[in-house]
Amino acid sequence: MHIAINISNGIPYATVMTSVREGKTVKKKSVVYLGRVLDEERGIYKSAERGVFSYDLRTNTFGQAPADFVPQIRRKNARPTYIVDFGDAFLFNSLIEKFGLLPALEAIPYGNPDSFRALLLYYMLESRSNAQAEVWWEGSYARILFPNANLTTQRINSMLEALGREDVLRAFFGAYLKHLGSNARSEANILIDSTGLPNSIRFPLTAISNHNGEISEEVRLIYVVQQGTRLPIYMRYVPGNVVGTTTLITTLKELKAMEVNTKFAILDAGYVTEKGLRQLYDDNISFITRCPTNRTIYKRLMANELTDLEKAENLAVDKEGMLFNGRQVYVKCVPIDYEGMKLYAYIGRDVAMREIERKKIVNRLVNSKKPVRKDELQSSLEELGVFVLLSTRKIRADLILSHYYVRQDVEQVFDISKNYASLLPLNVEKEETFRGHLLMTFIATVVLQMLQNKIRQSTFTLDRILARMRTQKAKVFDQTVIPTEMVKEHNEIYKLLGIKPAKEYPIKKRPNV
């Protein structure tokens, strides 16, 4: 067999041919049409059936084009772009470097770094599907930053599949945890929680989940977050129907294997089972978790400890004698024996929360227009605003409350992932592609959370920064890019984040042009 190339309108097209003997004559016969020749030397072609692909004549096999290959074919009807969105892409690319994340990104062994970095910016700056990434890139300063990027839908899918390999994930997390240093590995407390990713696509991870009484088809994503900084440290995923205890134990073992400190874990109530707590207890891992209301120990504590809970001595104050976060909260510590484990139960009541819940109950009764059952109403009011925490440690009241309310940190991280880092909706069909998508959203979430930490004391929000910075444009010339003048808020944002934009930037040409 051999490859025959024909030129049509100046464009080369290839066909695999073979020689067939018919009687005394030998005729050439087409075996397969390869389509347009993109790189004859490397055997890369493009057809309507396969998109961009590689073909090896020696083995007669088809494959994906190499990651570093970028076809020099302009999108149909594409026009030269002389003005691009500048501020958002420039700012976030600068933040990646300023936050020290570049070594972790460079540790990812993907053949086209420009494609990877450009797609990462897209994950942070846009909420549209990956099918629109190429159009975005053409009108963004990302095209100047990463000129060799290839963001066609076909290439993005193959890139996510490559990024989802276990060796790639290990390489990233090894470098990322090294960047976090001792804060993640030996000093900080960790928060462990999970969230559901609704997904109707049929692949092995999709399963029926019953989480807090809500039924859905989903995959569950587990994040390990650093207390205080809210930085994601690690991630895992499991089918939607996997029991929380199993995931907790496996997560802690993986953290230990990655040399991450697991001396103290703050857990969601969904992980509270005798088996799970026993595993932590036997492994000498200190923990604190909210006790579900359906546990026997919860009901016993409600029966025995509520009477004198709101005594003056149980009012939670900090070391300066101030109310905890301005809230009227009562907390009582009771040593307990829970399935042979020596723990401390903290029974608390948030008075403001009790009032909110009481109003809801009363409004429901009024709207129902039914007679009130006095005993039932009184019983339902007794436990309003009450919570129980279980811990291996005896901790001061204000500190135990700090640990309890810090669970909101994980919820805020998930909020960033879902609303700003393109976590949802899921548009993948294979587990490998799904893993690559999760890695991209994890890195995007890290950058966005670091930004959130920087602006926390300012008047800016993530939404405001994204919207405002997109309004700074730049003019593209043959060899340079000149940003437009900055307005007041552009200056304020750059100053707040310690970024100093230049007056112009040179244009890097595509290496293979």
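Axes here are lines fitted to C-alpha atoms, for helices over the stretch in contact, and angles run from 0 to 180 degrees between N-to-C directions. With that in hand, welcome to a short tour of a predicted model, in which local features need pLDDT of at least 70, side-chain atom pairs count only at pLDDT 80 or more, and totals for chains, interfaces and linings use all residues. Residues are numbered from 1 along each chain as its sequence is written, and side-chain values use heavy atoms, with hydrogens and water left out.

**The chain as a whole**

- The protein chain holds 18 helices and 19 strands; helices (H or I, at least four residues) and strands (E, at least two) are DSSP runs, numbered from the N terminus.
- Its C-alpha trace spans about 105 × 65 × 55 Å along the principal axes.
- Of the 513 residues in the protein chain, 49% are buried, where buried means under 20% relative accessible area, exposed over 50%, and partly exposed in between (1.4 Å probe, protein chains only).
- The accessible surface of the protein chain comes to about 26200 Å², and carbon and sulfur atoms account for 49% of that surface; these areas come from the Shrake-Rupley method with a 1.4 Å probe, and for residues only the protein chains shown count as cover.
- Among contacts (heavy atoms within 4.5 Å) between residues at least 6 apart in sequence, 63% join residues at least 24 apart.

**Helices H3 and H6**

- Helix H3 (residues 113-125) packs with helix H6 (residues 153-163) at an angle of about 100°, and their axes are 11 Å apart.
- H3 and H6 are therefore roughly perpendicular to each other; angles under 35 degrees count as roughly parallel, over 145 as roughly antiparallel, 65 to 115 as roughly perpendicular and the rest as oblique.
- From H3, Ser-115, Phe-116, Leu-119 and Tyr-123 meet Ile-156, Met-159, Leu-160 and Leu-163 of H6.
- The residues of this H3 and H6 contact divide into 7 nonpolar, 1 polar and no charged, with Ala, Val, Leu, Ile, Met, Phe, Trp, Tyr, Cys and Pro counted as nonpolar, Asp, Glu, Lys and Arg as charged, and the others, Gly among them, as polar.

- Strand S5 (residues 51-56) is mostly covered, with 5 of its 6 residues buried.
- S5 pairs with strand S4 (residues 44-47) in the antiparallel sense over 4 bridges; two strands pair if DSSP finds at least two bridges between them.
- Lys-46 has Val-52 in S5 as its bridge partner, and a hairpin through 3 residues joins S4 to S5.
- S5 also runs antiparallel to strand S6 (residues 61-63), joined by 3 bridges, and Asp-56 has Thr-61 in S6 as its bridge partner.
- The hairpin of S5 and S6 has 4 residues between the strands, and Asn-60 in the turn has a positive phi of about 55°.

- S7 and strand S17 (residues 473-476) run antiparallel, joined by 3 bridges, and Asp-85 has Lys-473 in S17 as its bridge partner.

**Two buried residues**

- Gln-449 is found in helix H16 (residues 431-455) and is buried, with a relative accessible area of 1%.
- Leaving out residues up to four places away in sequence, Gln-449 touches Thr-229, Arg-230, Leu-231, Val-413, Ile-416 and Arg-456.
- Ile-233 lies in strand S11 (residues 232-239) and counts as buried at 0% relative accessibility.
- Ile-233 and Tyr-176 are 57 residues apart in sequence and 8.3 Å apart in space, C-alpha to C-alpha.
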